[in-house]
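Hello,

Here is the structure I promised to pass on to you. Please have a look at it first, and then read my notes below.

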Amino acid sequence: MAGRAANMSIDDLQQVAQVLKSNGTDGELVLGFRDIAPEDIDLKEPVFIIFDGLPVPFFIESFTKRGNTKALVHLTDICSMEDVEEIAGKAVYIAEDNMPQMTLEEDGFAALVGWFVLTPAQMPENEEEDGDLYEVGEITDFMDIPNNPCIEVETENGAVIIPLHEDLILSVDPENQEIIMQIPAGLI
C-alpha cells in the first residue's frame with residue numbers, strides 16, 4: 001500500500017474535501033466534504049494533499065463526523081497550529097479507485113451520473129428497425145424535480161436535459177453503465 005501511495009499521480013486522485021480550518025492547537029482539522037459523505041471515507045487508506053505539484057499521502061489517525069458535510073480529523077504528521085496553517089485551504093484527495101461506488105438501489109437515479117445514454121437508431125418510416133443503438137452522450141447531472149426527474153446529458157452538440165420518465169426507459173444495464181431510452185424527436 002505504501003508503495004502504491006508513493007507512485008500516485010494527480011491524475012489518479014479525486015478531490016473529496018478541503019481543509020477549512022484548525023480545531024484547537026494540537027493539529028486537529030475541520031474538513032469540508034464534497035461529492036461524498038464524510039462517513040464514506042475509507043479510514044485505512046491514505047488521503048492526499050498536493051505540495052509543489054506532487055500528492056503527499058497522509059493517514060487519518062482520528063475521525064469524528066460533524067453534521068452532513070464536515071468532520072474533525074487528525075492526520076499523521078499534522079501536530080501543531082503551524083502545520084495546520086500550512087495546509088489550510090488545500091484540497092484533500094483520495095485515490096480514484098477508493099471512491100465509493102454509487103448504486104441504483106442505494107442512491108437512486110443520482111447513481112446514473114457518469115453512465116451513457118443510448119437510443120435506438122432512428123429509421124425512416126416504413127423501414128424495419130435493425131436494432132442498432134446510437135450513443136447520445138454521458139449523463140453529467142441528475143435533477144430531482146418533483147414529479148419530473150430529469151438527467152442532463154452531454155452530447156456532441158452540447159448539454160441537453162431529458163426527462164427520466166419510465167415510459168421512455170427501454171432498458172438499464174448497470175454492468176456497462178448504460179441506459180437505453182426512446183427519446184422524443186427534437187430533444188437531441
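Strand E6 is mostly covered, with 5 of its 6 residues buried. Buried here means under 20% relative accessible area, while exposed means over 50% and partly exposed lies in between (1.4 Å probe, protein chains only). Helices (H or I, at least four residues) and strands (E, at least two) are DSSP runs, numbered from the N terminus.

A word on the origin: this is a predicted model, in which local features need pLDDT of at least 70 and side-chain atom pairs count only at pLDDT 80 or more, while totals for chains, interfaces and linings use all residues. Residues are numbered from 1 along each chain as its sequence is written, and side-chain values use heavy atoms, with hydrogens and water left out.

E6 has a partner in E2, and the two run antiparallel, joined by 4 bridges; two strands pair if DSSP finds at least two bridges between them. In E6, Ala71 is the residue opposite Leu31. E6 also pairs with strand E5 (residues 60-66), again in the antiparallel sense, over 6 bridges. There, Leu72 in E6 has Thr64 opposite. The hairpin of E5 and E6 has 3 residues between the strands, and Gly67 takes a positive phi near 75 degrees in it.

Now to the cores. A nonpolar core is a set of buried Ala, Val, Leu, Ile, Met, Phe, Trp, Tyr and Cys residues joined through side-chain atoms within 4.5 Å. The largest one has 21 residues, of which Leu29, Leu31 and Leu75 touch the most other members. Among the elements that give two or more residues to this core are strand E1 (13-22), strand E3 (47-51), strand E6 (70-75) and helix H2 (81-87). A second, separate core of 15 residues includes Trp115, Ile139, Ile151 and Val153.

Which residues does Leu29 touch beyond its neighbours within four places in sequence? Its contacts (heavy atoms within 4.5 Å) include Val19, Ala71, Leu72, Val84 and Ile87.

You will also find 2 aromatic pairs. Rings of Phe, Tyr and Trp (its six-membered ring) pair if their centres lie within 6.5 Å; planes under 30 degrees apart count as stacked, over 60 as edge-to-face and the rest as tilted. Phe33 and Phe63 are edge-to-face, 6.3 Å centre to centre with 70 degrees between the planes. This pair links distant parts of the chain, as Phe33 is in strand E2 and Phe63 in strand E5, 30 residues apart. Phe33 counts as buried because its relative accessibility is 9%.

Phe51 and Phe58 form a tilted pair, at 6.4 Å centre to centre and 55 degrees between the planes, and both are buried.

Finally, Thr119 lies in strand E8 (residues 116-120). Thr119 counts as buried because its relative accessibility is 2%. Beyond its neighbours within four places in sequence, Thr119 is in contact with residues including Asp132, Tyr134, Met181 and Ile188.

Best wishes
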